[in-house]
Amino acid sequence: MNSTANHTYRTELFPTQIRARAVGFVYSFDRLATAFSSYLIGFVLVTAGVSGVFWMLAAAMLLCVAVTLLLGPRTLGRAYEEIEDPGRPRSAVDVRLNPNP
C-alpha cells in the first residue's frame with residue numbers, strides 16, 4: 001500500500017529541521033503496522049474468505065484516503081514555505097500547474 005506518492009506527500013508535512021527523523025519515524029511505524037496487518041489478513045482470510053480480505057483492504061484504503069483528504073494540508077500548487085506557515089505570503093516566484101486560475 002505504500003506508494004511513491006504517499007511517501008512524497010509525507011515528506012512535505014514536516015519542517016526541514018526534523019524532516020529526516022520524522023519521516024523515518026513514520027516509515028518505521030508503517031512497517032510495524034504492516035507486520036501486524038499480516039496477522040489480521042490471515043484471520044479475516046480464515047473467517048471470511050478471499051472476498052472478506054478484499055473488502056477489508058478496500059475499506060482500509062478508503063479510510064486512508066478519507067483521512068488524508070479531510071485532515072491533511074493541501075499541497076498542490078503551493079510553495080513549501082506556504083504549507084509550513086499558512087499565514088506567510090507567497091513569494092514573487094509563483095509556480096502553478098494551471099497558469100489561468
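Modeller: Of the 101 residues of the protein, 11% count as buried (under 20% relative accessible area, with exposed meaning over 50% and partly exposed in between, for a 1.4 Å probe and protein chains only). This is a predicted model, in which local features need pLDDT of at least 70 and side-chain atom pairs count only at pLDDT 80 or more, while totals for chains, interfaces and linings use all residues. Residues are numbered from 1 along each chain as its sequence is written, and side-chain values use heavy atoms, without hydrogens or water.

The protein exposes about 8200 Å², of which carbon and sulfur atoms supply 69% (areas by the Shrake-Rupley method with a 1.4 Å probe). On that surface, Leu63, Val65, Val67, Leu69, Leu70 and Leu71 make a nonpolar patch of about 650 Å² (patch residues have over 30% relative accessible area and no salt bridge, and nonpolar side chains are joined within 5 Å, like charges within 9 Å; a salt bridge is a Lys or Arg side-chain nitrogen within 4 Å of an Asp or Glu carboxyl oxygen). One of these residues, Leu71, counts as exposed because its relative accessible area is 70%, and Leu71 is found in helix 2, which covers residues 19-71.

The whole structure holds one aromatic pair. Phe54 and Trp55 form this pair, edge-to-face, with 5.0 Å centre to centre and 80° between the planes (ring centres within 6.5 Å; planes under 30 degrees apart are stacked, over 60 edge-to-face, the rest tilted). Both partners are on the surface: Phe54 is exposed because its relative accessible area is 51%, and Trp55 because its value is 59%.

As for the fold around these side chains, the protein has three helices and zero strands, in the order α-α-α along the sequence (DSSP runs, H or I of at least four residues for helices and E of at least two for strands). In helix 1, residues 4-11, lies Thr8, which is partly exposed because its relative accessible area is 42%. The C-alpha atoms of Thr8 and Val23 are separated by 9.9 Å, although the two residues are 15 apart along the chain.

On confidence, the protein averages a pLDDT of 80, and 76% of the residues score at least 70 (the predictor's confidence in each residue, from 0 to 100). Among the elements, helix 2 has the highest mean pLDDT, 92, whereas helix 3, residues 80-84, has the lowest, 68.

Note on methods
Rings of Phe, Tyr and Trp (its six-membered ring) pair if their centres lie within 6.5 Å; planes under 30 degrees apart count as stacked, over 60 as edge-to-face and the rest as tilted.
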